[in-house]
Amino acid sequence: GSSLRCNLEAVDEIRKMAGALSNRGNIRFVIAGACLPRGDYGHKIIALGPVEEAILLRLYQLTDLVLAPLISGTGTSLKVLEAFIHGKALLATQVGVRGHPVEDGKDCIVCDDLERYPEIILGLRDDPARRRELGESGRRFVKAFDYRLVYQPYLAEITKFAR
């Protein structure tokens, strides 16, 4: 994420989660973007800083779960659509999914109680079928945003004018 305040707050929340999960098995947190300078931050947090598109794509291939624990912000979060495009399970706050008509428990898990995130993360870690189910539903959700579908109704109207 960028270095906007909302992303910096989310990083702080992720650092708390990582601390709470530090003794709970092999869970790693990777943060990409200007919201945290490159480095190893302990509690299994690695920050990559801003990354190229190819590296971001590889990160999505390797990840099991995407977090969007945003507590403030405006506009829609592209992180949500990116997670869905890559078929990844998403755990987010209402602010994290703002602007997207997602269905909690189907397309992703929406939870505003950030203290519950470690428990939810552990549950999803131990349930690959549930992660896969969420990822597949998210992928179906994001297809509605495909420009080829979104603009389809307009093509008929444009075709009328072209005749």
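View 1. A pocket here is an open set of points on a 1 Å grid over the protein atoms alone, where a 1.4 Å probe fits, with protein on both sides within 12 Å along at least five of seven lines; lining residues have an atom within 4 Å of a point. The volume is the space filled by probe spheres set on the points, with grid points joined across faces, edges and corners. Helix α5 (residues 128–143) gives the most to this lining, six residues. Helices (H or I, at least four residues) and strands (E, at least two) are DSSP runs, numbered from the N terminus. Among the lining residues are Thr63, Asp64, Lys88, Arg131, Glu136 and Arg139. By class the lining splits into two nonpolar, four polar and six charged, where Ala, Val, Leu, Ile, Met, Phe, Trp, Tyr, Cys and Pro count as nonpolar, Asp, Glu, Lys and Arg as charged, and the others, Gly among them, as polar.

A quick note on the numbers: residues are counted from 1 along each chain as its sequence is written, and side-chain values use heavy atoms, leaving out hydrogens and water. As the model is predicted, local features need pLDDT of at least 70 and side-chain atom pairs count only at pLDDT 80 or more, while totals for chains, interfaces and linings use all residues.

**View 2. The largest pocket, at about 1200 Å³.** Of its 41 lining residues, Val30, Thr63, Leu65, Val66 and Leu67 are the closest to the centre. Helix α1 (5–20) is among the elements that supply at least two lining residues each, along with β1 (29–32) and β4 (65–68). The largest share, five residues, comes from α1. This lining has 25 nonpolar, nine polar and seven charged residues.

**View 3. A three-stranded open sheet, ordered β1-β3-β2 with mixed pairing.** Because β1 and β2 (39–40) stand at the edges with a single partner strand each, one side of each has no neighbour in the sheet. Strands pair if DSSP finds at least two bridges between them; β2 and β3 (residues 45–49) do so in the antiparallel sense, over two bridges. Look for glycine 39, which stands opposite alanine 47 in β3.

**View 4. Helix α1 across the sheet strands β1 and β3.** The helix runs at about 165 degrees to β1; axes are lines fitted to C-alpha atoms, for helices over the stretch in contact (heavy atoms within 4.5 Å), and angles run from 0 to 180 degrees between N-to-C directions.
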